[in-house]
Amino acid sequence: MVLGERKQKILSAVVECYISSGEPIGSKALLTETGMNVSSATIRNDLADLVHKGYLIQPHTSAGRIPSHMGYRYYIDNLMQPQELSEKVKSHIDRAILSSADAPEKILEKTAQVLAQLSGMAAVTTTPNGTNARVHKIRFVVTGRHTGMVVLITSNGMVKSRLFRCDFVLTPELIAMFDKVINDSFVGLPLREINRAYLQTTATHFGELSLFMTDVLIAILDAAKQAMQTSLTVCGATNLLFLDSYDLLSARNVLKFLSDNERLSSLLDENVMGTKVYLGKESGFFELSDSCAIVTCYEIASVAAGAVALIGPSRADYKTLIPQLEYASKCASDLIGELLEV
């Protein structure tokens, strides 16, 4: 449904005033806020019509109006003007995420931390889904005379390591040989194809060297299995307990949802490209009936890799939060790309 220009202006003012104050907005306050040259009666009639159509709610007979989820949706889709981030905020996000830019998982964890701190909401990040990932590189690190570490780097930015032990001394020459034959066999291989059957077939091509490779190959298999799994980072969940937009039951419901990795992952996996705002029941989860979930994706080599999200009350400053979320996501994407040289 398309609203007329005056009703759009009124709806926008109600949403933004309510987000700012948390109080219902009356016709006199709207006249001052909008500066429109109309009577209070005209404003009241428009407010009543917006209530009738489901965009606004009147909590009590004599009270002002507040937005419904339908009103928030119309505002976000048609009226909201995203706020341009200040250089101060951009610099803060850049510095925070760059401080942990030595591994993709740390970048994503720091991204969630800085967003939770800026927004006062819960922030969530997911590692890239490994379904279509390939082996980017495998490195070896000697940790002792008879122990070493396999470091698996995937095409989607994940870095997984596994220790291995052998009965012989790990010399630099042997490690160099491992590095060459393993990378020749595994670089570019889809993670889903690394299984015991593949390892057995590969080992036969190594000849006598295969006698030294059993524990190494098992370590690679374990690292590949872990890289296939998506992991979640949730920061700032306790922020929700201190928001006046939530009653205790609503806050408990959201915290319960955030602790359920399977259901939380299913919400974030719905986002393919761009940014999406789920309002209340749009998420499909009753625990978020009084909440919003703002979800965007980050990319690696121009391909959607994982999700970055903010979860909190429906009364949220969307025009500020969405730019913050998108900027932090882009920062994380760029830093992960630099690590992979893509």
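Predicted model: local features only at pLDDT ≥ 70, side-chain atom pairs only at ≥ 80, totals over all residues.
**Helix 6.** I began with the span of helix 6, residues 104-119. Next I listed the buried residues of helix 6. They are Pro-104, Ile-107, Leu-108, Thr-111, Ala-112, Val-114, Leu-115, Ala-116 and Ser-119. An α-helix has 3.6 residues a turn, so residues three or four places apart point the same way. I then looked at what comes after the helix. Gly-120 follows helix 6, and its phi is positive, near 75 degrees.

**Helix 1.** Gly-22 follows helix 1, with a positive phi near 80 degrees.

**Salt bridges.** How many salt bridges does the structure hold? I found 12. Side chains of opposite charge can pair when their charged atoms come close. I went through several pairs.

- I looked up Arg-73 and Glu-282, whose side chains meet in a salt bridge at 2.6 Å, N to O. This pair links distant parts of the chain, 209 residues apart. Arg-73 is in helix 4 (residues 69-79), while Glu-282 is in the loop between strand 8 (275-279) and strand 9 (291-300). Glu-282 counts as partly exposed, at 40% relative accessibility.
- I then took Lys-90 and Glu-87, which form a salt bridge with their closest N and O atoms 3.7 Å apart. Both are in helix 5 (residues 87-98); they are three residues apart and so separated by about one helical turn. Is Glu-87 buried or exposed? Glu-87 counts as exposed because its relative accessibility is 59%, and the cut-off is over 50%.
- My next pair was Lys-330 and Asp-334, with side chains meeting in a salt bridge at 2.9 Å, N to O. Both lie in helix 12, four residues apart, about one turn of the helix. Lys-330 is partly exposed at 49% relative accessibility. Asp-334 is partly exposed too, at 36%.
- I also found a network: salt bridges that share partners join Lys-7, Asp-49 and Lys-53.

**Ser-314.** I turned to the loops. Where does Ser-314 sit? I placed Ser-314 in the loop between strand 10 (303-313) and helix 12 (318-340). Ser-314 is buried because its relative accessible area is 7%, and buried means under 20%. I then set aside its neighbours within four places in sequence and listed the contacts of Ser-314. They are His-69, Tyr-72, Asp-290, Ser-291 and Cys-292.

**Arg-192.** I found Arg-192 in the loop between helix 7 (172-186) and helix 8 (196-204). Arg-192 counts as partly exposed, at 48% relative accessibility. Which residues does Arg-192 contact, leaving aside neighbours within four places in sequence? I listed Thr-131, Asn-132 and Met-228. I also checked C-alpha separation for one of these. Arg-192 and Asn-132 are 60 residues apart along the chain, and their C-alpha atoms are separated by 7.8 Å.

Notes:
Residues numbered from 1 in each chain as written. Heavy atoms only, no water. Helix = DSSP H or I, 4+ residues; strand = E, 2+ residues; numbered from the N terminus. Buried < 20%, exposed > 50% of the residue type's maximum accessible area, 1.4 Å probe, protein only. Contact = heavy atoms within 4.5 Å. Salt bridge = Lys/Arg side-chain N within 4 Å of Asp/Glu carboxyl O.
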